[in-house]
Amino acid sequence: MNKYVVILAAGKGTRMKSKLYKVLHKVAGKSMVEHVVTAAEGTNPNKIITVVGTGAAKVKDVLKDRSEFAFQKEQLGTGDAVMAASELLKDLEGVTLVATGDTPLFTSETFNNLFKEHETSGNSATVLTAKAPNPYGYGRIIRDEAGNVLRIVEQKDGNEAELAVDEINTGVFAFNNKELFEALKQVGNNNAQGEYYLTDVLEIMRKAGKKVGAYQMPDFSESLGVNDRVALAQATKLMRKRINEKHMRNGVTFVDPETAYIDSDVKIGNDTLIEGNVVIKGNTEIGSESHITSGSRIVDSKIGNGVTVTSSTIEEAEMDDNTDIGPNSHLRPNAVIRQGAHIGNFVEVKNAEIGENTKVGHLTYVGDATLGKDINIGCGTIFSNYDGVKKFHTNVGDHSFIGAGSTIIAPVNIADHAFIAADSTITKDVEKYDMAIARGRQTNKKDYWHKLPLSQDKEWK
Ligand code: UD1
Ligand code: CA
């Protein structure tokens, strides 16, 4: 059986009150339309066609070659939107699943079930339905006494009895493809919204003597449609539950899964512990037996095994196995922390490699630098990398020691086994086994106390 999927994503999404096109609003780090495409891909269709409108360029940019595109000139309704795909589809044999781009929670499994149900029933159209706890806003499924589906009535068109029905149209259908495009020609716009409704296809087919039916899914939550920010938050919450339960089944411990905000594509190894109030975003990967404490935010980063992240922010950075960071430190893009290295508190690292077992314990900035192994960086060290125009690089060799409070003014090379005395301002290269000391010498003035104004003022002089 040939399978096609049409995803409707041309509506403006007025109810979102947003500059951003509705289907591009994100749920757990991915736009809603991407979630729908991912679910569609899981059915191995011959084609996926996304119907786009005013925000076409932006949607194409997000989906790239994962979909073909059809353009709907004016947003005249869901029926008109499917019509926009007519040129790409109408002559093909097979079954077309239509879904909307604002229902991010559908799974491939549900789409596959609908395809199967449609095939075994011999229907021309099968609508995916669910019993909604609050059906307001959805189309209602109207059946006769024998339970046969008669038609779908929209919220704005329904009478009291129709609106009392709690079985809703999830917005997903399977159609005999050729029959769908035949029926669409007959859809009118004589309704409360003056739109061409896709939902009318059911009644049109039935009246033409074709078999139409419904497949009711057991759980409503997958079919949540996002029309405003309230529903967006609900969808995000449901998605979070799904994501975190997947990780728990894979052996990750969550102290409070309700407050661990993890994007869809994040990977986490088993026996890792995630505390509450943690944010993990984008393409982040975390290994096994790591520990992420509350207050941490990790974005597009690679964290190895046995790593401890304590209340720190990590962006586009890498931490190898058995490293640790925090509390309150910041890895910025291109920070690479090699095995066994230690990043303590109030440390910022940017575009720099911290070698194996090197320790950067406290209050330090390392920018544009390559640090070797087993180095000790004293408290309050600053790698001064910027002259206001350009960035410059510093190298520090293995086993070196940088005393507390030093400023290393790049570009400079500090060799292996070099020793920088505390509070030095380093502007020149330092060779192997040398000590550099670069600070004003101390002078002590004998009995100077008595010359100070302070000493005259006080009774205890
Ligand atoms: C629609 C259904 C409703 C169903 C609900 C499920 C119709 C008439 N109504 O209502 O029965 O319960 O979805 O979530 O089909 N779109 C276009 N072009 C248009 C209009 C809409 O591409 O001209 C797209 C939108 O981008 C959106 C989707 O179609 O992704 C659904 O449109 P929307 O206006 O949200 O329909 P609902 O009122 O939610
Ligand atoms: Ca909708």
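**Calcium site**

I started with Asn227, which comes out as partly exposed at a relative accessible area of 22%. This is a predicted model, so everything I note here is computed from it. I looked at Asn227 for its part in holding the calcium ion (ligand 2), which is coordinated by Asn227 through OD1 and by Asp102 through OD, at 2.3 to 2.4 Å. I then asked where the two residues sit along the chain. Asp102 is in the loop between β6 (95-100) and α5 (108-121), while Asn227 is in the loop between β11 (212-216) and α9 (229-249), so the pair ties together parts that are 125 residues apart in sequence. I checked the accessibility of Asp102 as well: its relative accessible area is 12%, and that makes Asp102 buried. The cut-off for buried is under 20%, so Asn227 at 22% falls in the partly exposed class.

**Helices α1 and α2**

Next I went to helix α1 (residues 32-41) and helix α2 (residues 56-63). Their axes come within 10 Å and cross at roughly 50 degrees. I put the pair down as oblique because of that angle. For handedness, I noted that α1 passes α2 in a right-handed crossing.

Which residues make the contact? On the α1 side I found Val33, Glu34 and Val37, and on the α2 side Val59, Val62 and Leu63. By class, I get five nonpolar residues, no polar ones and one charged one in the contact of α1 with α2. I reminded myself that residues three or four places apart in an α-helix point the same way, because a turn takes 3.6 residues.

I also wanted to know how much of α1 is covered. Eight of its 10 residues are buried, so α1 is largely enclosed by the rest of the structure. The buried ones in α1 are Met32, Val33, Glu34, His35, Val36, Val37, Ala39 and Ala40. I note that Glu34 is on that list and also in the contact with α2.

**Thr50**

Thr50 is buried, with a relative accessible area of 0%. I listed what Thr50 touches, leaving out residues up to four places away in sequence: Ile7, Ala9, Val33, Val59, Leu63, Ser67, Glu68, Phe69 and Ala70.

**Helices α7 and α8**

The α7 residues I found in the contact are Glu179, Leu180, Ala183 and Leu184, and they meet Val201, Ile204 and Met205 in α8. I sorted the residues of this contact by class and got six nonpolar, no polar and one charged.

I went through the backbone with two expectations: most residues other than glycine have a negative phi, and most peptide bonds are trans.

Where are the cis peptide bonds I looked up? One joins Gly326 and Pro327, with omega about 0 degrees. Pro327 is in the loop between β24 (324-325) and β25 (330-331). Another joins Ala410 and Pro411, again with omega about 0 degrees. Pro411 is in the loop between β33 (407-409) and β34 (412-414).

For phi, I noted Asn334, which has a positive value of about 70 degrees although it is not a glycine. I placed Asn334 in the loop between β25 and β26 (335-337), and at 47% relative accessibility Asn334 is partly exposed. His399 also has a positive phi, about 60 degrees, and is not a glycine either. I found His399 in the loop between β31 (394-396) and β32 (401-402). His399 has 40% relative accessibility, so I logged it as partly exposed.

**Glu318**

Last I looked at Glu318 in strand β23 (residues 318-319). Is Glu318 buried or partly exposed? I have Glu318 as partly exposed, at 31% relative accessibility. Leaving out residues up to four places away in sequence, Glu318 touches Lys302, Ala335, Val336, Ile337 and Arg338. I also checked Glu318 against Gln339: they are 21 residues apart in sequence and 10 Å apart in space, C-alpha to C-alpha.

Conventions:
Residues are numbered from 1 along each chain as its sequence is written. Chains are lettered from A and ligands numbered from 1 in the order in which they are written. This is a predicted model: local features need pLDDT of at least 70, side-chain atom pairs count only at pLDDT 80 or more; totals for chains, interfaces and linings use all residues. Side-chain values use heavy atoms; hydrogens and water are left out. Axes are lines fitted to C-alpha atoms, for helices over the stretch in contact, and angles run from 0 to 180 degrees between N-to-C directions. Helices (H or I, at least four residues) and strands (E, at least two) are DSSP runs, numbered from the N terminus. Angles under 35 degrees count as roughly parallel, over 145 as roughly antiparallel, 65 to 115 as roughly perpendicular and the rest as oblique. A crossing is left-handed if the near helix is turned anticlockwise from the far one by less than a right angle, and right-handed if clockwise. Contact means heavy atoms within 4.5 Å. Ala, Val, Leu, Ile, Met, Phe, Trp, Tyr, Cys and Pro count as nonpolar, Asp, Glu, Lys and Arg as charged, and the others, Gly among them, as polar. Donors are N, O and S atoms within 2.8 Å of the metal (3.2 Å for Na, K and Ca); water is not among the atoms, so sites may look incomplete. Buried means under 20% relative accessible area, exposed over 50%, partly exposed in between (1.4 Å probe, protein chains only).
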